[in-house]
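Me: I'd like to learn how to read a protein model. Could you walk me through one?

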Amino acid sequence: MLGVFSSSIVSPPDELVAAGSRTPSPKITAKSLVNRFVGNNSSAVSMQIGDDVQLAYTHQNESNTHPRSFAVKDEIFCSFEGALDNLGSLKQQYGLSKSANEVLLVIEAYKTLRDRAPYPINQVVGHLIGKFSFIVFDKTNSTLFVATDQHGKVPLYWGITADGCVAFANDADLLKGACGKSLASFPQGCFYSTAIGELRCYENPKNKITAVPATEEEIWGAKFMVEGPSSIISATQ
């Protein structure tokens, strides 16, 4: 899956901007990145949402244990990869039909956060048990919401394109050739919401997340880490 967002939707992380500045390397534009994704996946579907968002997904080379799904409901777009172990109980909690899958569940969970405040974001995401990563974009208010599971079993990566867009993808190789050194693993057990404007750990939401510059030899520009006595999560691969 791939999501590319202009700087009007999400500000490029300072750490990745700095990494790209320290070690300049070839990048491509957001449009070229989406074209590369579609060109490399014969079954890929892509869509442009306004002027600032491009999404693409494919079932090609999909894992049986980590299937991919995509859905749009009430102008909320969601790409999901993985599986939730507690999907049945969550469907009951959110009042969904028995036929609802993970991607519809995540959309409903996001709507709860948006419409029924003050639900804490970390609490809602923390109730998702399983192996997953997802990208949610709400067209009604231009909000982006991204998260991964606590153990990083379904990896997600983010980087900055040549024209300053922030790209999220489940394929590291796709971004390696597109974002230069402005590239990192999205840290496991964390979420990013433009509604709050920062990256947080949902197990320890008050713990600071820092980015350590990578060495010149590494393909990554930075390693995001959650600090704190109870858990330290590294975004390395």
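Predicted model: local features only at pLDDT ≥ 70, side-chain atom pairs only at ≥ 80, totals over all residues.

Me: How many helices and strands are in the protein?

Reply: Helices (H or I, at least four residues) and strands (E, at least two) are DSSP runs, numbered from the N terminus. Here you get 6 helices and 15 strands.

Me: What does the radius of gyration tell me about the protein?

Reply: The radius of gyration is taken over C-alpha atoms, and the globule rule is 2.2 Å times the number of residues to the power 0.38. For 237 residues, a compact globule would come out near 18 Å, and the protein's 17 Å agrees with that. Its C-alpha atoms fill a box of roughly 50 × 45 × 35 Å along the principal axes.

Me: What percentage of the residues in the protein is buried?

Reply: Buried means under 20% relative accessible area, exposed over 50%, and partly exposed in between (1.4 Å probe, protein chains only). In this protein, 52% of the 237 residues are buried.

Me: Which residues of helix α1 are buried?

Reply: In α1 (residues 14-22), they are Leu16, Ala19 and Gly20. Looking down the axis, the buried residues fall within an arc of 95°, so they line one face of the helix. Exposed Asp14 and Ser21 sit on the face turned away from the buried side. The cover over the buried residues includes β8 (157-160), β10 (183-185) and β14 (222-226).

Me: And which residues are buried in helix α2?

Reply: For α2 (residues 30-40), look at Ala30, Leu33, Val34 and Phe37. Down the axis of α2, its buried residues fall within an arc of 95°, so they line one face of the helix. Lys31 and Gly39 are exposed on the face turned away from that buried side. The buried residues of α2 pack against β1 (2-5), β2 (45-49), β3 (53-57), β9 (166-169) and α6 (172-176).

Me: Is glycine 189 buried or exposed?

Reply: Glycine 189 has 3% relative accessibility, so it counts as buried. You'll find glycine 189 in the loop between β10 and β11 (190-193). A contact means heavy atoms within 4.5 Å. Leaving aside residues up to four places away in sequence, glycine 189 touches Thr148, Asp149, Gln150, Arg200, Cys201, Tyr202 and Glu203.

Conventions: Residues numbered from 1 in each chain as written. Heavy atoms only, no water. Arc of directions from axis to C-beta.
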